[in-house]
Amino acid sequence: MNPPTIPEPQDRPARLTVGVVGAGRVGPALAAALKLAGHRPVAASGVSDASRRRAAALLPGVPLVTPAEVLARAELVLLTVPDDALPDLVTGLVETGAVRPGQLLVHTSGRHGTAVLAPALRAGALPLALHPAMTFTGTPVDVDRLAGCAFGITAPDELRLAAEALVIEMGGEPEWIAEEARPLYHAALAIGANHLVTLVAQARELLQEAGVAAPGRMLGPLLGAALDNALRSGDAALTGPVARGDAGTVAAHVAELRRRAPQAVPSYLAMARTTADRALAHGLLKPEFAEDLLDVLAHRADDGPPGGSGGTDSANGTSGGGR
């Protein structure tokens, strides 16, 4: 990954006072990164014990106040609340007169662009959507993880340089996302990151059920290689019984999951069907093997084994190859 280009001094935002509305996992980390770049966090809002702990760890000495007071004290305000809460928050801040003309109002929602900030724009604020494509823990390690992190940016043309400069100052890399493309952009990240965690956690549980003492140690090299191959080669990286068309092996998987871990059957079938479609389209799955495989995958999670065979008999006649 190439290092980001540092903006010329005239293109960098002036040193700003920074406020955080919503001291969840994201806001304090971004404010701490901005502090390292020379900006000055002055206020944050958060009511839960977890929010207070995060603010104390990442923004020591910064007072916790009301959202309106955060806006009164800060020139750059980070709105780091859940996506669904953002529209009502913006409307409420505007209706109470908390938004000031010329104030930089930055939200970190992946789903929303700057349209959600339209009420604040009408009040004279400067709207930016800066979404870090990163998973956050709410601990100081998050600040280091921002180095090289891509940020999905949406902003008015006249604020483009300011948006890029802020991202680069936090250690990130700007990636421009059109307003209308924000939901698709965010869905892609959710599929890649959120669903990955679910799949890995499920794989760990199944390995534990199979008697593996250290499932993480077993999965680490395999998943690391699979991720690297997928990022490099896309669908060409597909391996395993579905991509090969080993219908018997897949039937055995489904039968065993129904017996030992029925909660895992729906996700296995859904991902296997998607994998089969992609492998077939990419030429990895031979059409002559696809019919039997798709017949196995066509059965719902609550169905019995295809053809009443129990799945395992057909598996015995098909050697998988173990990839």
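Here are some questions and answers about a helix pair and a pocket in this predicted model.

In this predicted model, local features need pLDDT of at least 70 and side-chain atom pairs pLDDT 80 or more, while totals for chains, interfaces and linings use all residues. Residues are numbered from 1 along each chain as its sequence is written, and side-chain values use heavy atoms, without hydrogens and water.

Reader: Are H11 and H12 roughly parallel or roughly antiparallel?
Author: Let's look at helix H11 (residues 247–260) and helix H12 (residues 265–281), whose axes come within 9 Å and cross at roughly 160°. Helices here are DSSP runs of H or I with at least four residues, and axes are lines fitted to C-alpha atoms over the stretch in contact, with angles from 0 to 180 degrees between N-to-C directions. Angles over 145 degrees count as roughly antiparallel. So H11 and H12 are roughly antiparallel.

Reader: Which residues of H12 make the contact with H11?
Author: Contact means heavy atoms within 4.5 Å. H11 brings Val250, His253, Val254, Leu257 and Arg258. On the H12 side, you'll find Val265, Tyr268 and Leu269.

Reader: Which helix gives the most to the lining of the second largest pocket?
Author: Strand S5 (126–132) and helix H8 (182–209) each supply at least two residues of that lining; a strand is a DSSP run of E with at least two residues. Lining residues have an atom within 4 Å of a pocket point, on a 1 Å grid where a 1.4 Å probe fits and the open set has protein on both sides within 12 Å along at least five of seven lines. With six residues, the top giver is H8.

Note on methods
Parallel < 35°, antiparallel > 145°, perpendicular 65-115°, else oblique.
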